[in-house]
Amino acid sequence: MSADPLLRTDASPSGERSVPDPHRWLEEVSGDEALAWVRARNDEAHAALGGGDLDATEAALREVLDSDDRIPDVSRIGDHLYNFWRDTEHERGLWRRTSLDSYRTDDPRWETVLDLDELAAAEDESWVWHGASVLRPAPEQLAAGEPWRRALVDLSPGGSDADVTREFDLVEKRFVPASEGGFHRPLAKGGLSWADEDTVYVFTDFGPGTTTPSGYPRIVKLWRRGTPLEDARTVYEGTDEDMYIMGRRSRTPGFERDVVRRSIAFYRSETYLVNAVGTPEQELVRIDAPESAEVGLHREWLLVELREDWTVAGRTYAGGSLLAAAADDFLAGSRDLTVLFAPTPSTSLVGATWTRHHLVLNVLDDVKNELHVLTPPDLEAGADTADGWVRSELPVDGELLTVGVRAVSPVDSDDVWLTSSGYLSPSTLALATVVGPGADPAAPEPLKSAPAFFDASGMVAEQHFATSDDGTRVPYFVVGAAELVRPSDPAAPGTAPTLLYGYGGFEIPLLPGYSGTAGRAWLARGGVHVVANIRGGGEYGPRWHQAALRENRHRAYEDLAAVARDLVARGITTHEHLGVQGGSNGGLLAGNMLTQYPDLFGAVVIQVPLLDMQRYSHLLAGASWVAEYGDPDVPEDWEFLQTFSPYHLFDADREYPPVLLTTSTKDDRVHPGHARKMAAKMLAAGQDATYYENIEGGHGGAANNAQAAHMSALAWTFLRARLA
């Protein structure tokens, strides 16, 4: 094995020779020796955790995942509601549709559009659904009663990020073969998006030199039906250092626009309007907003969501704000901007959803939802933008519930889907119509309610705040039996097995939500579940995220450690009975809890993780995260990166809590080598490390419900055994 070319002495970022990595050979994803090692570790994991408890847990979780009583998530396409569904009989899933009237009933009549299990069997490929986009017919076609026919379906082999795109006929319910002019994109990271019924934007791997260092598309082209892909006309070409390039067309009648988005890095992008696309007169016009801002267009309006302060036309707008302008005026040079939302120390914007006539803002106040309706001035009727936007409210019921709002059809309807979910409250779905100020809104129409998958009687969900090392207040949620969450004598050591979960990255907030699997496998069996809203996430907007970037990454880890200590101080548990879990960036978080704070935890679960922060930017999509973590090839960056690289922080002579590491061979986002090498290093040092790798699954870790139930059951079984 020492002769393997992947095993060599590497140069450190400073140019000095570093200690050889004896486990580098495990980065060869599909290498025979590496996979033999994986299978041996999988056998050991099953030997250690398998048996009656694992099997019973897996069966209980599979029952939740396959339940017919789950709420089918739907999207309106024409006269139909479409849904993708997986259950026991349909392991890979069905794309299906029904009518709204039928959906309102307890037993909707579903029509199968595409059966992925049949397709997988016919093509001998482990297809995983990646979604579909449907072309909106032109106004004259809709007026003539023509159906919504053309779809682009994305399918992934085994759950990888790389996928294929195929044109699908929704009327005939079949793929349109290339011999009939159907669009087919070969396997790669990228996609297709509709321009018109005979033209698509294509952004994909066109051959050597056409992808970014992260493996994403660097070029977007316009591809006409019936022509070879190699003849597609270039619309925009990014640089060798960009992250992702894509194009699309907005087909809102009267406001058709072609748009190219250039992602320079995470949190930095440029948006271009393309005039006369695909012609010799083609012109790209950049929307002059900060690179760190998110730009959106709807009808006559331009929205700019700021991540950083922006000074323009003599005025400074705070990072985290949402600004609006008349799009044509802005493009003509006006900087007459209206502030639709400005953050406060406790509030942040987590979503903005357009309906036909209104904009619904989803705001967090100390991680609790509020919905605000904004009605813009009617520019079509001649109103001046100075007339202002009018605000009204969309009431939110319940405490510690996450409320989601999504437009049914922003082109021609003011209806929205409203979802709500809490740690102890099963999900509900309602249909509501958004109205402007002065109008009496009708009560939302309840459509679906999910069942309770565990008995929550006697349980409570509470929010607390811990104090981090620098004095920052860090919110977290605690869920479990009342007598465990609210100990009668906080001074007495608690012994409740408690699981602490965190993420803390990429401006992603962790919000309350119902989990039938966690309820069955953990809460109903006497466990306490804790979710921490640490810095690096999006719970308080961009400032919360930016507080833990790059050289400040340690703030996220200090926050989670503060929550761990606070749980013990409250008498809920002890460190011996406290576990921590995280996946992806949260896997890096859990890895740092293991290596930097081993005395705080009795067990650690690390899933699809980053762990080797010296190699991460050279593995798969890792280069796209340099803005988040830093560049290990820059000596100044490596100085701080090595302080939160678990693979390098591991000390063979130190005692660590038991750890379970899991990943997926098919994960082409976070390289499985991170978890493999960490497990190998720990095992070589005689540590209590259990390793399991799913051969399919992608970055989600599982390609179907059976795999998801198995992976989840391994983690719950491990935690119960180690934290009892």
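Predicted model: local features only at pLDDT ≥ 70, side-chain atom pairs only at ≥ 80, totals over all residues.
Residues are numbered from 1 along each chain as its sequence is written, and side-chain values use heavy atoms, with hydrogens and water left out.

Trainee: At what angle do helix α2 and helix α16 pack?

Mentor: Helices here are DSSP runs of H or I with at least four residues, and strands are runs of E with at least two, numbered from the N terminus. Axes are lines fitted to C-alpha atoms, for helices over the stretch in contact, and angles run from 0 to 180 degrees between N-to-C directions. For α2 (residues 52–65) and α16 (residues 705–723) the axes are 8 Å apart, and the angle is about 135 degrees.

Trainee: Which word describes how α2 lies to α16?

Mentor: Angles under 35 degrees count as roughly parallel, over 145 as roughly antiparallel, 65 to 115 as roughly perpendicular and the rest as oblique. The angle of α2 to α16 is about 135 degrees, and that makes α2 oblique to α16.

Trainee: How many nonpolar residues does the contact of α2 with α16 have?

Mentor: Contact means heavy atoms within 4.5 Å, and the residues that make it include L54, L61 and L65 of α2 and A706, L714 and W716 of α16. Ala, Val, Leu, Ile, Met, Phe, Trp, Tyr, Cys and Pro count as nonpolar, Asp, Glu, Lys and Arg as charged, and the others, Gly among them, as polar. By these classes the contact has four charged and five polar residues, and the nonpolar ones number nine.

Trainee: How far apart are the end C-alpha atoms of helix α15?

Mentor: The expected span of a helix is 1.5 Å times one less than its number of residues. Helix α15 (residues 673–684) has twelve residues and should therefore span 16 Å, which agrees with the separation of its end C-alpha atoms, 16 Å.

Trainee: How many residues of α15 are buried?

Mentor: Buried means under 20% relative accessible area, exposed over 50%, and partly exposed in between, with a 1.4 Å probe and protein chains only. Among the buried residues of α15 are G673, H674 and M682, and the buried residues pack against α1 (32–49), α11 (585–596), α14 (646–649), β38 (659–664) and β39 (689–694). The helix is mostly covered, and of its twelve residues the buried ones number nine.

Trainee: Is T88 buried or exposed?

Mentor: T88 lies in the loop between β2 (80–85) and β3 (94–98), where, not counting residues up to four places away in sequence, T88 touches R62 and D66. Its C-alpha atom is separated by 8.1 Å from that of N705, 617 residues apart along the chain. The relative accessibility of T88 is 55%, so T88 counts as exposed.

Trainee: What is the relative accessible area of N533?

Mentor: N533 is placed in the loop between β35 (528–532) and α9 (542–546). Leaving aside neighbours within four places in sequence, N533 is in contact with residues including V367, Y476, F477 and W544. N533 is buried, because its relative accessible area is 0%.

Trainee: What separates the C-alpha atoms of V605 and V304?

Mentor: V605 is in strand β37 (residues 603–607) and is buried, with a relative accessible area of 0%. Its contacts, leaving aside neighbours within four places in sequence, include A715, F718 and L719. V304 is 301 residues apart from V605 along the chain, and their C-alpha atoms are separated by 39 Å.
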